Amino acid sequence: MTTLIYDGSFDGLFTAIFEVFEYRYHDAEITGRERFYQENIFAEIHEVTTQPEKSERVLNKLEQNIGKKGIHQLLKVFLSEDTEMEQLVLSVVRKSIQHAEINILENYADPDILKIAKINKSVDRERHRMTAFVRFEKMQDDIFFAKIDPDFNVLPLVRKHFKDRYQDQKWMIYDLRRNYGILYDLEDCDFFYPNEKPDFKTYQEKFHEEEKNYQILWQRYFTKTNIVERKNLKLHIQHVPKRYWKYLTEKW
């Protein structure tokens with residue numbers, strides 16, 4: 001068994017896959033450096049240095065077999081942070097080479113392909129909920145700020161949605177769990193990576209005065225329009241799971 005250790009990036013993963021074939025590792029596993037734990041002291045360790053040209057060669061070849069849609073499915077598997085995601089992607093690459101005449105991602109009889117389909121469905125659901133339940137709060141510097149804590153790393157999947165929808169205002173979305181975010185400054189929409197996790201203890205003190213008034217008005221509106229006699233908590237939780245309530249002003 002050879003364990004290939006990479007830096008945890010998408011390009012790093014596909015560099016590792018390239019080197020599985022380059023060095024003819026038949027029995028190989030790939031793992032991110034942060035998750036690596038050597039159980040077998042006799043296992044061979046291969047340190048991977050991310051090389052975009054190697055990654056691109058794998059992706060270009062893969063695209064010929066499974067198309068751009070297939071590449072996007074593998075991206076969502078990567079963003080799922082599933083513990084088996086590296087092995088699933090490696091499995092797809094191997095099978096796409098063995099069966100180049102078909103799109104192996106359509107073979108749901110294969111347990112790996114079926115798991116990939118299920119992961120994609122879960123990631124798509126989380127992506128949709130992030131676009132629906134994110135709540136921006138206006139800060140004193142006139143930037144609209146939103147905190148999220150998704151089950152999967154979906155920020156790269158929602159960037160275009162928010163950039164297209166909110167082009168006339170500066171905004172920032174920050175992933176609490178993964179300590180990075182997106183910043184839009186009316187021109188560029190880029191990822192940012194703080195050196196330290198922000199301190200949210202005094203967060204509300206940085207609200208713009210308009211934000212405080214807006215939240216009060218919205219909470220009153222929600223209370224007034226809520227029909228107690230028609231309340232169906234079970235159905236409500238089905239559509240708006242409790243773990244998202246922390247984002248919603250009307251639930252505070």
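Which residue stands opposite Phe 144 in strand 6? It is Trp 171.

A word on the model before we go on. It is predicted, and local features need pLDDT of at least 70, side-chain atom pairs count only at pLDDT 80 or more, while totals for chains, interfaces and linings use all residues. Residues are numbered from 1 along each chain as its sequence is written, and side-chain values use heavy atoms, with hydrogens and water left out.

Now the strands. Helices (H or I, at least four residues) and strands (E, at least two) are DSSP runs, numbered from the N terminus. Two strands pair if DSSP finds at least two bridges between them. Strand 5, residues 144-148, pairs with strand 6 in the parallel sense, over five bridges.

How many residues of strand 6 are buried? Five of the five, across residues 171-175, so the strand is largely enclosed by the rest of the structure. Buried means under 20% relative accessible area, exposed means over 50%, and partly exposed is in between (1.4 Å probe, protein chains only). Trp 171, Ile 173 and Asp 175 point one way. Met 172 and Tyr 174 point the other way. In a regular strand the side chains alternate between the two faces of the sheet.

Next, strands 1 and 2. They also pair in the parallel sense, over five bridges. Thr 3 has Glu 29 in strand 2 as its bridge partner. Four of the five residues of strand 2 are buried, so that strand is largely enclosed by the rest of the structure.

On to charges. Side chains of opposite charge can pair when their charged atoms come close. A salt bridge here is a side-chain nitrogen of Lys or Arg within 4 Å of a carboxyl oxygen of Asp or Glu. The whole structure has 16 of these salt bridges.

One joins Glu 22 and Lys 54, at 3.0 Å, N to O. Glu 22 lies in helix 1 and Lys 54 in helix 2, so this pair ties together parts that are 32 residues apart in sequence. Buried or exposed, what is Lys 54? Lys 54 is buried, at 11% relative accessibility. Glu 22 is partly exposed, at 36%.

Another joins Lys 76 and Asp 124, at 3.0 Å, N to O. It links distant parts of the chain: Lys 76 is in helix 2, Asp 124 is in helix 4 (residues 111-133), and they are 48 residues apart. Lys 76 is buried, at 9%. Asp 124 is partly exposed, at 26%.

Then there is Asp 164 with Lys 160, at 2.6 Å, N to O. Both sit in helix 5, residues 155-165; they are four residues apart, so about one helical turn separates them. Asp 164 is partly exposed at 39%, and Lys 160 is exposed at 59%.

Last stop: two loop residues. Where is Arg 24? Look in the loop between helix 1 and strand 2, residues 28-32. Arg 24 has a positive phi of about 55 degrees, although it is not a glycine. It counts as exposed, at 65%. Glu 81 has a positive phi as well, about 60 degrees, and is not a glycine. Find Glu 81 in the loop between helix 2 (52-80) and helix 3 (85-98). Glu 81 is partly exposed, at 41%.

That's the tour. Thanks.
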